[in-house]
Amino acid sequence: MDRRHGHYNMNQESTAPRAAERPPFDRSSSQDSLDDLSMEDYWTELENIKKSSESRQQDQEVVVVKEPDEGELEEEWLKEAGLSNLFGESVDDPQESMVFLSTLTRTQAAAVQKRIETVSQTLRKKNKQHHIPDVRDIFAQQKESKEKTPDGTELQSVRTNENKYEGKDDQSSSLIVANKDLVVLVPEDTPASEADINLEVSFAEQAVDEEENSKDKTWKNKGCDASLPSFRLPKDKTGTTKIGDLASQDMKKVRRLALIELTALYDVLGIELKQQKAVKIKTKDSGLFGVPLTTLLEQDQRKVPGTRIPLIFQKLISRIEEGGLETEGLLRIPGAAMRIKNLCQELEAKFYEGTFNWENVKQHDAASLLKLFIRELPQPLLSVEYLKAFQAVQNLSSKKQQLQALNLLIILLPDVNRDTLKALLEFLQRVIDNKGENKMTVLNVAMVMAPNLFMCQLGLKTSEQQELAKAAGTANIMLLLIKYQKLLWTIPKFIVNQVRKQNTENQRKERKAMKKLLKKMAYDREKHEKPDKSTNDADVPQGVIRVQAPHLSKVSMAIQLTEELKASDVLARFLSQESTGVAQTLKKGEVSLYEIGGNIGERCLDDNTYMKDLYQLNPNAEWVIKSKPL
């Protein structure tokens, strides 16, 4: 197989079932039926990709995906988790890592311990000279301070059934495919049950507690009477935290914790988490198609400062929407391959000059160009590192666990990949909102888009049964990404709380170090040990917070905390002081109330945050109204 852009060469003859070999169907029938109709869209899309690849082959660059050697995977994992300094390979303060480790749950600690043991064994085999720590020393404080998890589960009960799926990659998808009769997705309009998704307790800890034969199996029953639950976020009085709400320094900690939590979850469920590495052979450093997302964004930010999504991607979506989202077969019907090739060449030459004539781009052409842009990224939109982990989501047994894993994977994506994926999913939802006219339900859209995001996971030299399984699995993942996108961009509360705990502990150690320094310098200890906010405590009575709004007419206001006071109420009080025109503009979400300092760097509050509850969680915070970042 020839890999191009990290994808398999689509010019080979696919063993996948062809559209023509399948029974005829009537597209006027229900688009939500669970017959071959949905998969018909998938295989048709695969054929369209093959034709497109044939006409574009000579323009493509090559990226090699490398499987890490023994020990490299774990070393890279520890580096990503911010724990490489435990091996003396980092200039970072190892004390900070010890603080980090002290905040981990039992299952998270078990995941870290397992990787440290593997790296230690590898380093000893290679006779590395630098310090190799004893795992027992690293985790001694956890064993002393924590005897049980919050739910009473002992460390030994953490199951790491590594061989649960060993040699069963093909069979594991039998939840979806059996006797060639595809049972892939559930009817969209089936009355959905509602279920809360718990973000307060570690996902891996929840998995330990759940029974092995849970009733919440994913699409296992062939009778198709299952439905996608309407998962909802339980109300959190301290406010829901979305990706983008936290400052970069705290987000860095969130990513590290998300990696450890995902690994712990996969360990508990017996799923292997393998990261891959991209070895760049040759990639374009300018242009539009086949350019790395980071390069493209740097290029675009010189023209439009602050932009977070590639300009060509935004323009293609805009062009599709200009034609009306009611067009039947939108995203499914391709543009002519040669016309798409010519348009690509013309866009490369004229897009940045502003001389490209968009009137020449038909709506279906724009849709084909959008999918081509995604496919020709040198590294997948879902990233080389985590594409296999996204694929492995289909092996998780319950819908809830699949969503939990996807939630963590979204957090782990590089910013530009995540922002671009979000723009794509929001656009796909707008297409689906017009399904009555365009005949593109969430099932159809998932089938059409799955090969464009996951095709590098599709082996062509496989049996029909295996190919069906992989197709169904990736389509399921695509469906979940579209349907639950709002939930997936939420940072779990237990991770935010771990960040708060790390910040508090680091601040305590910093204060302790500062006291020693002040004592050495013979300063008056009483003078310098007073809390930073002592002056504010005198100015602000108990049960009152002072909110700053430097860019509004009323720059500061003392606000009495009550049980029912929400962040939206605080904003309303400030906006009531503005002129009508300014207030209406600001109501559109241009400003928000922020929690700054204390045990968090900076956090944008959602409107339904109860201020008294949050104040009790972070009494040393400052409260500021300011503009949201672009």
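A salt bridge is a side-chain nitrogen of Lys or Arg within 4 Å of a carboxyl oxygen of Asp or Glu. A search of the whole structure finds 23 of these salt bridges. The model is predicted. The protein has 630 residues, and 52% of them count as buried. Its secondary structure comes to 25 helices and 15 strands. Take the contacts between residues at least 6 apart in sequence: 79% of them join residues at least 24 apart.

**Helix 4 against helix 8**

- Helix 4 covers residues 106-125, and helix 8 covers residues 248-269.
- Their axes come within 8 Å and cross at roughly 90 degrees.
- Helix 4 brings Thr-107, Gln-108, Ala-111, Val-112, Lys-114 and Arg-115 to the contact.
- Helix 8 meets them with Leu-257, Ile-260, Glu-261, Thr-263, Ala-264, Asp-267 and Val-268.
- The residues of this contact divide into six nonpolar, three polar and four charged.

- Side chains of opposite charge can pair when their charged atoms come close.
- Lys-114 forms a salt bridge with Asp-267, and the closest N and O atoms are 3.8 Å apart.
- Lys-114 lies in helix 4 and Asp-267 in helix 8, so the pair ties together parts that are 153 residues apart in sequence.
- Lys-114 has 21% relative accessibility and therefore counts as partly exposed.
- Asp-267 has 8% relative accessibility, so this residue counts as buried.

**Strand 6 and strand 7**

- Asp-196 forms a salt bridge with Arg-232, with the closest N and O atoms 2.5 Å apart.
- This pair links distant parts of the chain, 36 residues apart.
- Asp-196 sits in strand 6 (residues 194-196), and Arg-232 sits in strand 7 (residues 230-232).
- Asp-196 counts as partly exposed at 42% relative accessibility.
- Arg-232 is also partly exposed, with a relative accessible area of 37%.
- Elsewhere, salt bridges that share partners join Lys-114, Arg-115 and Asp-267 into one network.

- Helix 12 spans residues 363-375 and has 13 residues.
- From first C-alpha to last, helix 12 reaches 19 Å, close to the 18 Å expected at 1.5 Å a residue.
- Helix 12 is mostly covered, with 12 of its 13 residues buried.
- Among the buried residues are Leu-369, Leu-370, Leu-372, Phe-373 and Ile-374.
- The buried set also includes Asp-365, Lys-371 and Arg-375.
- The side chains of Lys-371 and Glu-45 meet in a salt bridge (3.1 Å, N to O).

**Ala-258 in helix 8**

- Ala-258 is found in helix 8.
- At 0% relative accessibility, Ala-258 counts as buried.
- Ala-258 touches Leu-408, Ile-411, Leu-412 and Ile-495, leaving aside residues up to four places away in sequence.
- Ala-258 and Leu-409 are 151 residues apart in sequence, yet 7.8 Å apart in space, C-alpha to C-alpha.

Notes
Residues numbered from 1 in each chain as written. Predicted model: local features only at pLDDT ≥ 70, side-chain atom pairs only at ≥ 80, totals over all residues. Heavy atoms only, no water. Axes fitted to C-alpha atoms, helices over the stretch in contact; angles between N-to-C directions. Helix = DSSP H or I, 4+ residues; strand = E, 2+ residues; numbered from the N terminus. Contact = heavy atoms within 4.5 Å. Nonpolar A, V, L, I, M, F, W, Y, C, P; charged D, E, K, R; others polar. Expected span 1.5 Å × (residues − 1). Buried < 20%, exposed > 50% of the residue type's maximum accessible area, 1.4 Å probe, protein only.
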